[in-house]
Amino acid sequence: MLEIKGVNKNFHKNKVLEDINIHIQKGEIHGLIGENSAGKTTLIKCIMGIYKTDGGEILLDEAPVYDNPMAKEKLGYVADVNEYIRCYSVKGIVKLFKDFYDDFSVERFYLLNQTFKLDDKKLISNLSKGQKMRLAFMLSLAQNPDYLILDEPTSGLDVMGKKELFDILVSEVEEKNIGVLISSHNLEGLERICDTVTLLKKGRVIMQNTLDDVKNTYTKWQAVFEKGIPKELRKHKQVIEISSVGSIYTIVTKHGEKDFEAYLKGQGASLVEEIPISLEELFVYSSKEGDV
């Protein structure tokens, strides 16, 4: 298990992470979401042992990850910006990784490259951002890690590239039972693949649960008010947001109040329907609220 337990991180006098707790099991895809500067990349660098925490601990199979070469063997890492030795070719980087990692599989790399189609004779300096991301992803999987840590892995990828990456990631979890922590602003993609989600805001966890339970934190309703929505409804303590197109109103409420449908009808709604809420919408509402 990968355990983040009560982690704090400061830069000078600025508190960047405060009391972060996340547990990731093998076979699980855990999404890490939040606004820019929420602390996601800092947390990932702590997990990878790049930064030393200022409190708490990060354990891989009960052993600290910081200053632990064995942990590096078991953790695959795709950074938000991937820079390799510019004068090396793709083939040269593959050989270098083979020398560094005991379990690295050249055959696995080239099997993955049948999908991503990088020219292995091409120099790193001539790769685009998206190609470097593909390279980093394939190198990490060919390392045969127990856990894969991904920081914005779809950055620079086109629509097809994003789909290919997510499809391979899901297959890898199913077939090899690896654990995954993935940070991304591609919330539609995360919604499709994640089992659990953690939402960070200003370095603190404000929401964490299975994806289904997280989405149940809010409920979205569509209601028809021919005479306009009552002022009383706008002041209701459970209402987070109201928008409208003509007489059709979309109302977002907190904690899925069970009798809210009856309440809306009692307020004059001629038609009430509960409609699905997306992870992206959930992120927006929870960020506005600042607390859950």
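Reader: What is the strand order in the open sheet of 6 strands?
Author: The order is 6-7-8-3-9-10, with mixed pairing. This is a predicted model, where local features need pLDDT of at least 70, side-chain atom pairs count only at pLDDT 80 or more, and totals for chains, interfaces and linings use all residues. Residues are numbered from 1 along each chain as its sequence is written, and side-chain values use heavy atoms, with hydrogens and water left out.

Reader: How are strands and pairing defined?
Author: Helices (H or I, at least four residues) and strands (E, at least two) are DSSP runs, numbered from the N terminus. Two strands pair if DSSP finds at least two bridges between them.

Reader: How many bridges join strand 6 to strand 7?
Author: There are 4, and strand 6 runs parallel to strand 7 (residues 147-151). Leu 75 stands opposite Tyr 147 in strand 7.

Reader: And which helix packs on that sheet?
Author: Helix 6 does, touching strand 3 (29-34), strand 7 and strand 8 (179-183). The direction of helix 6 makes about 155 degrees with that of strand 8. Contact means heavy atoms within 4.5 Å.

Reader: What about the other end, strand 9 and strand 10: parallel or antiparallel?
Author: Antiparallel, over 6 bridges, with strand 9 covering residues 196-201. Lys 201 stands opposite Arg 204 in strand 10. Strand 9 and strand 10 form a hairpin with 2 residues between them. In that turn, Lys 202 has a positive phi of about 50 degrees.

Reader: Which residue has a positive phi in the turn between strand 1 and strand 2?
Author: His 12, at about 60 degrees. That hairpin also has 2 residues between its strands. Strand 1 (residues 2-11) and strand 2 (residues 14-24) run antiparallel, joined by 7 bridges. Lys 9 stands opposite Leu 17 in strand 2.

Reader: How many bridges join strand 1 to strand 4?
Author: 5, with strand 4 (residues 55-60) antiparallel to strand 1. Glu 3 has Leu 59 in strand 4 as its bridge partner.

Reader: Helices now. At what angle do helix 4 and helix 6 pack?
Author: About 145 degrees, with the axes 11 Å apart. Helix 4 is residues 106-116 and helix 6 is residues 159-176.

Reader: Which residues meet there, helix 4 to helix 6?
Author: Arg 108, Leu 112, Thr 115 and Phe 116 in helix 4 meet a set in helix 6 including Gly 161, Leu 165 and Ile 168. The contact residues divide into 4 nonpolar, 2 polar and 4 charged. In that scheme, Ala, Val, Leu, Ile, Met, Phe, Trp, Tyr, Cys and Pro count as nonpolar, Asp, Glu, Lys and Arg as charged, and the others, Gly among them, as polar.

Reader: And helix 5 with helix 6: what angle?
Author: About 10 degrees, axes 12 Å apart, with helix 5 at residues 129-142. Helix 5 and helix 6 are therefore roughly parallel. Angles under 35 degrees count as roughly parallel, over 145 as roughly antiparallel, 65 to 115 as roughly perpendicular and the rest as oblique.

Reader: How many residues of helix 1 are buried?
Author: 6 of the 8, so helix 1 is largely enclosed by the rest of the structure. Among them are Leu 43, Ile 44 and Cys 46.

Terms used. Axes fitted to C-alpha atoms, helices over the stretch in contact; angles between N-to-C directions. Buried < 20%, exposed > 50% of the residue type's maximum accessible area, 1.4 Å probe, protein only.
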